[in-house]
Amino acid sequence: MSLVIDDVLIRLDPSGGSVPVVLDSPHSGTRYPAGFNFVCPLPLLRQAEDTHVDELFAAAPDYGATLICALFPRAFLDVNRASDDIDPEMLDGPWPGPLNPSEKSAMGMGLVRNLCRPGLPMYDGKLPVAEVVDRIERYWRPYHEQLAGCIDQLHGRFGMVWHINCHSMPSLTVGADDREGGADFVLGDRDGTTCDPGFTRFVADYLRALGYRVRINDPYKGVELVRRYSRPARGRHSLQLEIDRRLYMNEETLEKHSGFDRLRADLNRLVAAICDHAGAMVARRAAE
Ligand SMILES: [Zn+2]
C-alpha cells in the first residue's frame, strides 16, 4: 500500500509485516509549483533542498518501516517549522490569527523563506496573505496529518513508536580530509528531549561502527518535526538525522556521485538495525 497526494507527498507503507518505525524526508522534494514566483536564481534556491534523501531511504518499507516524503521543495514551504512561524513583515496585509515568528523567521528561514541565502531576497515584494494561507492548507496540513496519523496509528497498535526525521546538510568538512572538524552525520534529539538518549546512542554507535564520524546535537539539534510529535516518556521517540551531502552528491550540481550506492547500502543496514531494535523493544514489553 502506498498513498500519493499530488505534488504534496508520497507515503510508502511496509511491503511485509510492519514495525513501529516511521521515516520522513521533508526537504527532498523537487517539484517547484507553478505560481511559485521567486526571483532568485533556481540553482541557488535548489541548494536548500535535501536532494536525493528520499531515494537514500527508499528501501525502508522493505524492513517494515513507513516512509513519508515531501514532493514540494523546502524553499516553497518548510514543514519543519510551526505553521505560525512567519515574519509579519514579509506579508502584504494582516495575518488572520496570532503569529509566533522564531529566530528562524528572523533569519529569513521561517515557514516561508524570504531569503534565498543571506543578502539574497526570494521575492520582489511582499507575499499575499492568501498565498501563504493556501500553502499551509494545501501542503503543511496534509504533510503533518499524514505524519501524525502514522505515528499515532503505530503507537496505538504497538504501544511505542520511533520516528526518524531524515535530512542532509551542507558539508561541515573543511578541505579534502578534515578528520577533526567534520562530521558525516549529525543526530539531533533536542538535547535528549525528543527520544530516549539510549536510542540516540544506539544510532550513533551503529554509524560509528560503520566508520562514520557522528556528532550529537552539534550543530543541529532538530526543529519542529522532531519536537512536535515526540514524547519519549510515552514511548514516542523522534530523532533527526543529518547526512553530509558530500557523501553522496556534488553539492553544487546536486548530481549523485559514486559514493551514493555505498551510503545507501549503509543506510539500509541502519534502517534494518532500527527496525530490529523497535521489534525487540516491542517483544520485551509484551513479555513483561
Ligand atoms: Zn533538511
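Let me begin with two strands that run antiparallel: β8 and strand β10, residues 236–244, are joined by four bridges. Strands and helices here are DSSP runs, numbered from the N terminus, with strands (E) of at least two residues and helices (H or I) of at least four. Two strands count as paired if DSSP finds at least two bridges between them. Within this pairing, Val-186 has Glu-242 of β10 as its bridge partner.

Before I continue, a word on the source. This is a predicted model, in which local features need pLDDT of at least 70 and side-chain atom pairs count only at pLDDT 80 or more, while totals for chains, interfaces and linings use all residues. Residues are numbered from 1 along each chain as its sequence is written.

β8 spans residues 185–188. Phe-185 and Leu-187 point one way from β8, Val-186 and Gly-188 point the other way, and all are buried. Buried means that 20 or more other C-beta atoms lie within 10 Å of the residue's own; exposed means 12 or fewer, partly exposed lies in between, and C-beta atoms are placed from the backbone. In a regular strand the side chains alternate between the two faces of the sheet.

β8 also pairs with strand β9, residues 214–216, in the parallel sense over three bridges. Here Val-186 stands opposite Arg-215 of β9. Between β8 and β9 the chain passes through helix α5, residues 197–209, and this β-α-β crossover is right-handed. That term applies if, with the strands pointing away from the viewer, the path from the first strand over the helix to the second runs clockwise.

Now to the sheet as a whole. Eight strands form an open sheet with mixed pairing, in the order β1-β2-β4-β3-β7-β10-β8-β9. β1, residues 2–5, and β9 are the edge strands, each pairing on one side only. Elsewhere in the sheet, β3 (residues 21–25) and β7 (residues 161–169) pair in the parallel sense over four bridges, and Leu-23 stands opposite Ile-164 in β7.

Finally, the loops. Which peptide bond is cis, with omega near 5°? The bond is that from Asp-218 to Pro-219, and Pro-219 lies in the loop between β9 and α6 (224–228). Arg-190, in the loop between β8 and α5, has a positive phi near 45°, although the residue is not glycine. Arg-190 counts as partly exposed because it has 17 C-beta neighbours inside 10 Å. Leu-254, in the loop between β10 and α7 (260–287), likewise has a positive phi, near 65°. With 15 C-beta neighbours inside 10 Å, Leu-254 is therefore partly exposed.
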